[in-house]
Amino acid sequence: MAERAADAVGDVLAALADPTRRQLLDLLSASGQASATTLADGLPVTRQAVAKHLAVLEAAGLVESVKVGREVRYAVRPEALEATARWMAALAADWDRRLARIKRFAEAAEQGLHRPKE
């Protein structure tokens, strides 16, 4: 289970590494739902490129597609982002604990060096 969660976080981070995909998420967040054609109108890439980016986002669980008539519309799925944010918060808390421990060791060592000699 933990390995699958780690893979999901990795998929989300890999998908978000591309600025066009981040821009697509921003556009979808603002509009609620949109087709690849509509999204391509606001970007300097082709509709086919947008469709490929949307496929990566969908594979990572960041968007979902719904067929409406002959059109496929995409919408943001926040669950994958929320899981990734929780993972990042846990990682940050772990590093905060490690850094606090290093600080305590350094301060203790410094106090030991500056003790007056009797």
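In this predicted model, helix 4 spans residues 47-59, and its 13 residues reach 18 Å from the first C-alpha to the last, close to the 18 Å expected at 1.5 Å a residue. Its buried residues are V50, H53, L54 and L57. These cover an arc of only 105° around the axis, which puts them on the same side of helix 4. After helix 4 comes G61, with a positive phi near 80°.

Strand 2, residues 63-68, pairs with strand 3, residues 71-76, in the antiparallel sense, and six bridges tie the two together.

L13, W87, M88, L91, W95, L99 and I102 make a nonpolar surface patch of about 680 Å². Helix 5, which runs over residues 78-113, gives the most to this patch, with six residues. I102 is a patch member that is found in helix 5. With a relative accessible area of 51%, I102 counts as exposed, because the cut-off for that label is over 50%.

Notes
Residues are numbered from 1 along each chain as its sequence is written. This is a predicted model: local features need pLDDT of at least 70, side-chain atom pairs count only at pLDDT 80 or more; totals for chains, interfaces and linings use all residues. Side-chain values use heavy atoms; hydrogens and water are left out. Patches are made of residues with over 30% relative accessible area and no salt bridge: like charges are joined within 9 Å, nonpolar side chains (Val, Leu, Ile, Met, Phe, Trp, Tyr) within 5 Å. Accessible areas come from the Shrake-Rupley method with a 1.4 Å probe; for residues, only the protein chains shown count as cover. A salt bridge is a side-chain nitrogen of Lys or Arg within 4 Å of a carboxyl oxygen of Asp or Glu. Helices (H or I, at least four residues) and strands (E, at least two) are DSSP runs, numbered from the N terminus. Buried means under 20% relative accessible area, exposed over 50%, partly exposed in between (1.4 Å probe, protein chains only). Two strands pair if DSSP finds at least two bridges between them. The expected span of a helix is 1.5 Å times one less than its number of residues. The arc is that of the directions from the helix axis to the C-beta atoms.
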